[in-house]
Amino acid sequence: MATPQAYFKGQIVPLEEAKVGVMTHAFNYGTAVFEGIRGNWNAEDGRLYLFRVREHYERLAQSSHILGLELNEPIDRLCELTVEIVERSGYEEDVYIRPMVYLSSEVLGVRLHGLESDVLIFIAPFGPYLDIDKGARCHTSSWRRVDDLGIPPRAKVTGIYVNSALAKSEAERNGFDEAIVLNADGHVSEGSGENIFMVRDGKLITPSPSDNILEGITAATVVELAANELGLETVERPIDRSELYIADEVFMTGTAAHLTPVTEIDRRAIGGGVPGPTTLELSRIFFDVIRGKSEKYGSWCTPARVRVAS
Ligand code: PMP
């Protein structure tokens with residue numbers, strides 16, 4: 001049976017023992033940066049493959065740097081701790097690992113300086129987030145994406161996720177699966193927790209980092225796979241809402257969402273309302289890669305927990 005573990009206050013402990021006090025700064029003010037890392041279960045060889053762990057910790061370090069938070073642990077150590085937590089927890093299914101750097105001081109007062117920060121890591125079982133077979137039905141959110149001038153969205157700050165939660169809840173309450181969020185100047189930014197791509201005239205097109213997106217690790221993966229395996233170029237440029245309606249295909253990428261086709265936007269079918277050929281081909285390659293089935297991209301996957309034969 002699985003027993004989830006966490007790294008908390010410098011030690012690996014059972015998850016149920018990792019608790020913070022009510023006065024914790026990050027709990028009161030959203031002053032934390034975080035990551036989400038997937039562990040993808042491969043039943044054939046009885047291992048979980050952790051996807052691009054180092055890149056996630058590098059982005060965590062960048063997020064900390066933007067906020068001026070101190071990350072007290074070296075990236076190598078955080079990668080090792082992550083594997084250890086996964087192996088000790090004992091899951092034989094897809095998991096999600098949540099590292100966080102948070103202001104742990106138990107004091108009142110809004111600021112980022114002169115406070116203590118801590119690192120925590122926890123794990124939870126985590127199946128599919130959106131329907132990757134049928135595709136997602138999306139709508140354009142009435143909420144706008146936070147701006148670099150307000151809270152920089154290239155830093156994965158916990159407090160920013162109120163913006164994502166507003167968009168996601170609005171979408172679901174209106175009967176859709178996911179939101180497409182525009183930035184303040186009206187261009188497409190991203191989903192509530194995913195980057196977005198469209199296929200038009202044999203090219204992948206996606207918003208650029210200055211459209212207030214989170215610079216996604218899954219998106220970078222898909223761009224590389226599309227170029228190497230399908231000879232497809234990716235163009236970064238502003239995208240209008242109405243351009244998505246007439247795209248040949250649209251899909252979203254993210255650690256939780258993996259690669260999810262978008263089959264409907266604002267009640268308009270995209271590409272005939274079914275996942276398109278480029279999306280399907282990219283998905284096939286992507287899912288092999290993340291489950292450790294591709295030697296060529298093996299360096300992106302860190303294996304954890306070889307199953308002991310019973
Ligand atoms: N945008 C937002 C707002 C997200 O929360 C995420 C998920 N981390 C992404 C994009 C996708 O990023 P990644 O592929 O690195 O998970």
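**Note on the domain interface and ligand site**

1. For the same interface the rule finds 0 salt bridges (a side-chain nitrogen of Lys or Arg within 4 Å of a carboxyl oxygen of Asp or Glu).

2. The model is predicted: local features need pLDDT of at least 70, side-chain atom pairs count only at pLDDT 80 or more, and totals for chains, interfaces and linings use all residues. Residues are numbered from 1 along each chain as its sequence is written, and side-chain values use heavy atoms, with hydrogens and water left out.

3. The domain assignment, automatic or from a database, places domain 1 at 5-125 and domain 2 at 136-275. Their C-alpha centres lie 25 Å apart. Domain 1 brings 20 residues to the contact and domain 2 brings 17 residues (heavy atoms within 4.5 Å).

4. About 1500 Å² is buried between the two domains, 64% of it on carbon and sulfur atoms; this is the accessible area (1.4 Å probe) lost on being put together, summed over both parts. In domain 1, Phe34, Arg38 and Arg59 lose the most area to domain 2, together 38% of what that side buries.

5. Sixteen residues surround the ligand, and the closest are Arg59, Tyr161, Ile217, Thr218 and Thr255 (a heavy atom within 4 Å). A side-chain N or O atom of Thr255 is 2.5 Å from a ligand oxygen atom. Ile217 places a backbone N or O atom 2.8 Å from an oxygen atom of the ligand, while a polar side-chain atom of Glu190 lies 2.8 Å from a ligand nitrogen atom.

Key: A polar contact is a pair of N or O atoms within 3.5 Å; within protein, one must be able to donate a hydrogen and the other to accept it, and residues adjacent in sequence count only if both atoms are side-chain atoms.
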